Amino acid sequence: MKPDTVSITTSAHGLGGLGTVCIFGTGDFGRSLGLRLLQAGYEVVFGSRDSKTSTPLEDFHPGPKVMSHAEAAKEAQVVFVAVQREHYDFLTPLIPVLQGKVLVDVSNNLKKGLYQESNAEYLSSLVPGAVVVKAFNTISAWALQSGGLDANRQVYVCGDQPDAKRAVEAIAQNLGLTALDRGSLRAARELEDLPLELFPLWRLPLGIATGLTAFFFFYLLIRDVIYAYVNDGRDISFRIMITLANKVFPIVSLVMLALCYLPGILAAFVQLYNGTKYRRFPDWLDRWMRCRKQIGLLALGCALLHVLYTCIISIRYYVQYKNNAELIGLIKENTNLTLDNAEAWATDSFFALGVLGFLMYVLLGITSIPSVGSSLNWREFRFVQSKIGFLTLMLCTGHCLLYAWNKFLKPTTYKWYTPPGSMLSLVVPCSVLVLKLIIILPCVNRPISRIRQGWERKRKSVSQQRF
Amino acid sequence: MKPDTVSITTSAHGLGGLGTVCIFGTGDFGRSLGLRLLQAGYEVVFGSRDSKTSTPLEDFHPGPKVMSHAEAAKEAQVVFVAVQREHYDFLTPLIPVLQGKVLVDVSNNLKKGLYQESNAEYLSSLVPGAVVVKAFNTISAWALQSGGLDANRQVYVCGDQPDAKRAVEAIAQNLGLTALDRGSLRAARELEDLPLELFPLWRLPLGIATGLTAFFFFYLLIRDVIYAYVNDGRDISFRIMITLANKVFPIVSLVMLALCYLPGILAAFVQLYNGTKYRRFPDWLDRWMRCRKQIGLLALGCALLHVLYTCIISIRYYVQYKNNAELIGLIKENTNLTLDNAEAWATDSFFALGVLGFLMYVLLGITSIPSVGSSLNWREFRFVQSKIGFLTLMLCTGHCLLYAWNKFLKPTTYKWYTPPGSMLSLVVPCSVLVLKLIIILPCVNRPISRIRQGWERKRKSVSQQRF
Amino acid sequence: MKPDTVSITTSAHGLGGLGTVCIFGTGDFGRSLGLRLLQAGYEVVFGSRDSKTSTPLEDFHPGPKVMSHAEAAKEAQVVFVAVQREHYDFLTPLIPVLQGKVLVDVSNNLKKGLYQESNAEYLSSLVPGAVVVKAFNTISAWALQSGGLDANRQVYVCGDQPDAKRAVEAIAQNLGLTALDRGSLRAARELEDLPLELFPLWRLPLGIATGLTAFFFFYLLIRDVIYAYVNDGRDISFRIMITLANKVFPIVSLVMLALCYLPGILAAFVQLYNGTKYRRFPDWLDRWMRCRKQIGLLALGCALLHVLYTCIISIRYYVQYKNNAELIGLIKENTNLTLDNAEAWATDSFFALGVLGFLMYVLLGITSIPSVGSSLNWREFRFVQSKIGFLTLMLCTGHCLLYAWNKFLKPTTYKWYTPPGSMLSLVVPCSVLVLKLIIILPCVNRPISRIRQGWERKRKSVSQQRF
């Protein structure tokens with residue numbers, strides 16, 4: 001026994017041993033779980049269909065024992081069933097041995113609604129004498145191996161017998177995972193669906209972002225590229241890649257940022273209309289409010305694209321060609337260059353607002369990182385999301401206003417009678433800012449604050465006396 | 001009963017039920033707490049002043065029962081009082097019913113020092129027969145609804161009865177939150193003030209950043225804009241927006257970065273002077289050391305602004321005008337362009353140092369994210385913050401030195417006898433680097449290392465023998 | 001007693017008191033631990049060699065008592081030994097007093113393998129009557145003071161007596177830390193080495209990155225700078241700082257990104273070859289797979305450098321000189337500028353792919369933040385790392401292909417018969433993409449999927465019947 005490699009494993013044989021755990025199945029998950037259990041100080045016994053050839057965790061000295069299923073089950077009180085549901089019938093001959101044991105179902109399905117009843121309930125019906133606990137199914141083999149840092153560390157536990165649940169929770173905690181009780185075995189179905197979810201809160205925001213991007217892309221394609229082709233016969237289709245994209249993304253970003261703060265304002269008006277906060281918001285508003293963070297993050301993504309596209313403007317071939325052509329024209333005409341002070345102020349302010357707005361944007365994004373957000377108290381979180389959020393919206397709206405300001409009155413702006421994209425993009429943000437301004441007005445703000453502190457309008461006088 | 005929606009809630013009726021909890025108040029917090037309790041497998045009973053019309057959590061089947069306060073309190077051992085302090089007097093008639101119950105005070109105040117005694121102590125004096133526990137006040141209704149991921153998940157618990165505290169802690173843990181014991185009910189006041197804190201550690205760094213920004217802004221305004229107006233009569237005020245800002249922010253960033261590493265060096269000298277590490281640092285140094293992270297993050301913010309401002313230099317109207325004017329001048333004078341190799345080396349090195357410095361800066365910022373920092377062990381954390389920190393400071397100081405190096409000896413640099421901002425900005429970083437160099441010297445480093453390992457100078461010989 | 005400062009500490013004297021803890025040593029760690037214990041509601045007694053002059057935590061009212069070691073030990077059941085191993089012999093006279101006490105060894109060594117046996121085992125042999133528990137050695141004094149947010153909060157506990165371990169774990173939990181059982185006292189050695197680790201998983205990736213950077217740097221130095229000097233006698237060595245760096249870093253980034261996804265593909269082929277997933281991967285593959293995240297993050301770092309270098313291209317002195325020289329040449333020759341539509345399309349697509357690729361890169365980087373990754377379920381995590389990962393690789397490979405596409409056939413490209421760096425850099429990414437394409441083919445994908453679900457090829461028929 002080499003003393004430098006066994007320091008942890010030997011604990012299983014000393015006073016610090018945490019007892020023996022049995023694992024059925026020497027697959028990926030079974031092996032990873034076994035390794036982690038050994039590292040934590042448990043003795044591990046594998047039950048395998050072929051105990052001679054299976055040699056899991058060979059590199060671990062002294063490694064776990066591998067036995068037949070029946071022998072292995074006798075060694076421990078808790079048995080992990082790390083086998084696909086399709087193979088559960090191997091358990092039928094083991095019913096007598098498993099009497100009174102805790103069977104932990106760690107299985108998942110490949111897709112939702114594949115079976116009528118949950119795997120755990122099926123297991124429970126197969127081995128009626130055992131106590132089935134559903135757990136560990138949201139933990140991946142990889143997470144167990146790599147120390148649980150890369151993915152979710154929460155072990156959801158459900159089962160009908162509190163003591164059995166406590167035993168499984170203790171194992172989870174000893175492995176450095178967080179155990180969460182999720183009720184009776186009937187909840188197993190929900191737990192089994194959990195690992196199949198794919199970004200449920202991102203669907204609506206992604207839909208909105210895709211819709212807005214598609215709309216503005218085609219709108220600007222018609223106004224810029226197709227108009228030039230139809231009217232002037234010029235083919236400037238190459239502009240799609242950057243010039244057009246660098247108009248679409250900032251527009252989508254600004255609109256999404258405004259959409260991020262609109263539901264909070266609408267909620268205030270709904271509360272004001274209801275005269276109470278003790279009434280549920282309409283479903284669409286509730287859903288919208290729940291995915292504000294995702295909307296904001298997509299807006300940040302578009303803003304980052306806009307920044308990157310903008311930073312490479314001057315190294316583009318087309319831009320250099322255009323600048324050189326202009327300069328050669330100037331030289332040939334022998335015109336004197338003069339600096340337009342107003343133009344310098346306007347363009348520099350436009351850029352400065354954009355830069356500051358993006359900095360605030362990034363700040364908002366950083367506080368969306370779970371561990372950053374969770375280090376803030378509620379008041380700080382609200383300060384960042386509300387005060388800094390509206391500051392960001394104001395800076396970005398100002399940035400866009402400075403871009404569009406001197407184009408309102410020129411008739412050439414309205415190609416085919418359509419306003420430019422930047423004007424369209426200002427509609428939602430400006431509305432949000434105006435609505436916010438209304439809410440800040442003392443005569444509106446006072447009743448909203450009172451409602452949020454629990455005050456209600458138009459309650460029956462009886463109930464008010466009774467409280 | 002629809003089987004696809006009740007999987008979790010039915011656990012409350014099965015063997016996995018966690019018991020009944022009573023909530024007084026159907027407000028925002030009460031409802032959110034109730035929903036979360038239901039989801040975790042508790043039975044929930046609401047006590048409401050108007051049990052007929054109040055229908056909290058309508059969308060939850062089978063939802064919670066709503067009763068009068070007295071009836072509801074009879075159903076459970078733990079009663080959450082989710083009502084504003086101003087309305088606590090509704091509890092007076094309930095005193096007989098609440099005898100021996102655990103009353104959980106979840107309330108907060110709107111501002112500090114509003115009342116003489118804490119809400120929880122007031123509640124305890126109102127209902128002397130009940131055991132009051134302060135808890136959940138740092139958790140927001142929104143955090144309860146959205147699964148606790150967006151904001152702080154730590155439930156601070158205080159109270160005078162250990163069993164009551166354990167009961168409330170168990171509830172918090174079952175809701176997926178982390179319970180932390182904070183002592184007796186006298187600590188309630190502090191807990192009630194906690195949600196009112198607003199970035200206490202950021203005040204000093206923000207003050208420093210604002211002060212430095214204001215100073216350098218006006219200093220450079222006078223040197224650049226006002227000097228040009230007074231001496232040459234030129235109005236170049238538009239430069240404030242970007243040219244000036246892009247001088248102020250890098251200067252502030254560099255100085256703040258140096259200020260981030262200065263206290264650590266001062267602490268070493270203080271320890272060397274004291275001859276021991278077992279003596280407290282002066283208060284100002286202690287305060288400074290505690291907010292180094294915040295100082296560094298503000299420095300990173302300024303550096304990001306500098307990078308963004310720099311990246312858009314070449315698309316600015318003024319810069320294009322200047323370049324074109326210069327070029328036209330060159331062409332008219334028919335001068336031959338020659339590449340100055342030294343200049344090319346100097347400017348490219350200047351940019352390269354800046355880019356590498358910023359990369360290191362970002363690296364430091366990333367390790368400031370709580371979950372990244374907590375995945376490092378102490379040695380790794382120190383390596384990043386100390387070694388990589390000083391590397392960053394060296395790169396950024398070098399970046400600035402290359403900018404200023406050939407301006408020292410030109411008399412035109414000293415407008416109105418003032419040195420340029422870049423020279424001023426080098427004072428603190430260079431001092432820090434020199435002090436660090438002194439500390440690294442073996443003759444200084446050895447005693448510091450010994451002191452940090454517990455060695456003390458000039459202790460009484462008696463105590464040394466005794467140890 | 002001032003009521004506004006003692007709210008927490010007084011809990012130690014009330015019903016909420018958590019008992020008394022003794023700390024030997026008033027050094028940095030001892031004091032920090034004492035402060036945290038006081039804040040959590042413990043009574044703290046310091047044992048010091050010189051109880052008269054030592055006044056730890058003076059600013060805490062009512063502060064801890066300071067006594068002689070023997071007196072202090074009598075006050076508590078748990079004694080923290082916050083003293084360097086070299087001074088442990090002061091415990092010998094205390095053996096009678098420490099009989100039956102829990103001694104917590106919090107010590108670390110300055111380097112690995114300094115002593116034959118671990119500090120904790122040495123302590124145990126010194127005071128045989130006491131129960132020694134190793135704990136808290138991975139927690140730094142600074143982490144205890146600053147609330148544990150800045151560094152690791154996991155307290156690893158090992159010892160031979162379960163009750164003693166539970167007592168220490170309870171203290172850790174009451175301090176807001178996470179306690180993890182790591183087995184018997186023999187594991188102490190490993191725990192004592194833990195704080196000495198310095199980025200073990202980063203070594204291989206950093207080695208690869210350094211090797212690639214060095215190779216491509218010298219390769220391009222020869223092709224670009226030395227070739228120009230030897231053939232044309234031109235000194236363009238200044239290009240090293242940015243032009244060359246901006247070729248090396250994107251190449252290294254692309255190759256590293258491909259190396260990040262190569263092991264996953266190789267693993268699939270190994271599984272296909274083995275016909276089972278129940279066999280360990282070769283060691284080199286296992287090691288490679290474990291540091292994929294680190295490889296990817298280094299690739300992201302290089303990509304960020306590439307972006308920063310690219311964004312400052314147009315403000316470089318050399319670039320402006322070159323552009324101006326070209327333009328003056330054009331004007332002198334009186335040539336007419338014409339826009340090459342194909343060139344405009346190619347260059348803009350090149351930039352657009354780069355920008356989109358970098359956005360995806362950043363997305364991958366963000367999901368590497370532990371708290372972001374842990375908020376994803378396993379399926380979402382895989383989706384990001386696999387789907388978005390390959391999209392990133394495709395975008396970046398496309399970006400590079402567009403750069404190299406029209407240089408393949410020009411003989412001037414092959415200076416000294418060497419291909420340009422961009423062509424070399426495409427070898428690995430293109431191989432990875434082709435291999436991935438093969439894996440996606442139904443005829444290959446089907447057996448791999450079956451193997452990953454547990455199917456095995458060529459097992460003895462006997463074992464299949466038995467299962």
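# Reading a three-chain model, one feature at a time

Tutor: Let's start with one residue: B:Ser425 is buried, with a relative accessible area of 1%. Buried means under 20% relative accessible area, exposed over 50%, and partly exposed in between, with a 1.4 Å probe and protein chains only.

Student: Before we go on, what am I looking at?

Tutor: This is a predicted model: local features need pLDDT of at least 70 and side-chain atom pairs count only at pLDDT 80 or more, while totals for chains, interfaces and linings use all residues. Residues are numbered from 1 along each chain as its sequence is written, chains are lettered from A and ligands numbered from 1 in the order in which they are written, and side-chain values use heavy atoms, with hydrogens and water left out.

Student: Which helix is the place of B:Ser425 in, then?

Tutor: B:Ser425 sits in helix α16 of chain B, residues 421–440. Helices (H or I, at least four residues) and strands (E, at least two) are DSSP runs, numbered from the N terminus.

Student: And what does B:Ser425 touch, not counting residues up to four places away in sequence?

Tutor: Contact means heavy atoms within 4.5 Å. With those sequence neighbours left out, B:Ser425 touches B:Ile251, B:Leu254, B:Val255 and B:Cys400. Its side chain also reaches the backbone oxygen of B:Ser422 at 2.7 Å. That is a polar contact: a pair of N or O atoms within 3.5 Å; within protein, one must be able to donate a hydrogen and the other to accept it, and residues adjacent in sequence count only if both atoms are side-chain atoms.

Student: Let me try one in chain A. Does A:Thr397 count as buried or exposed?

Tutor: A:Thr397 counts as buried, at 2% relative accessibility. You'll find A:Thr397 in helix α15 of chain A, residues 378–404. A polar atom of its side chain lies 2.5 Å from the backbone oxygen of A:Leu393. Apart from neighbours within four places in sequence, A:Thr397 is in contact with A:Leu254, A:Leu426, A:Pro429, A:Cys430 and A:Leu433.

Student: How do I read a whole helix? Which are the buried residues of α10 of chain A?

Tutor: An α-helix has 3.6 residues a turn, so residues three or four places apart point the same way. In α10 of chain A (283–290), the buried residues are A:Leu285, A:Trp288 and A:Met289. They cover an arc of only 95 degrees around the axis, which puts them on the same side of α10(A); the arc is that of the directions from the helix axis to the C-beta atoms. The face turned away from that buried side carries the exposed A:Asp283 and A:Arg287.

Student: What does B:Trp288 touch?

Tutor: B:Trp288 belongs to helix α10 of chain B and is buried, with a relative accessible area of 14%. Not counting residues up to four places away in sequence, B:Trp288 touches B:Leu259, B:Leu262, B:Pro263, B:Leu266 and B:Ile295. One of these, B:Leu259, has its backbone oxygen 3.2 Å from a polar atom of the B:Trp288 side chain. The C-alpha atoms of B:Trp288 and B:Pro263 are separated by 6.7 Å, though the two are 25 residues apart along the chain.

Student: On to strands. In what order do the strands of chain B form the sheet?

Tutor: Two strands pair if DSSP finds at least two bridges between them. In chain B, 8 strands form an open, mixed sheet in the order β3-β2-β1-β4-β5-β6-β7-β8. The edge strands are β3 (65–67) and β8 (178–181), each pairing on one side only. β1 (20–24) and β4 (78–81) of chain B run parallel, joined by 4 bridges, and B:Phe24 stands opposite B:Val81.

Student: Which residues of strand β4 of chain C are buried?

Tutor: In a regular strand the side chains alternate between the two faces of the sheet. Both faces of β4(C) are covered, with C:Val78 and C:Phe80 buried on one side and C:Val79 and C:Val81 on the other. β4(C) pairs in the parallel sense with strand β5 (102–105) of chain C over 4 bridges, where C:Asp105 is the bridge partner of C:Val81.

Student: Last one: what rotation superposes chain A on chain C?

Tutor: A rotation of 120 degrees, with 0.0 Å of shift along its axis, superposes chain A on chain C with an RMSD of 0.1 Å. The two copies are thus related as by a three-fold rotation axis. Copies are superposed by least squares on the C-alpha atoms of residues with pLDDT of at least 70 in both.
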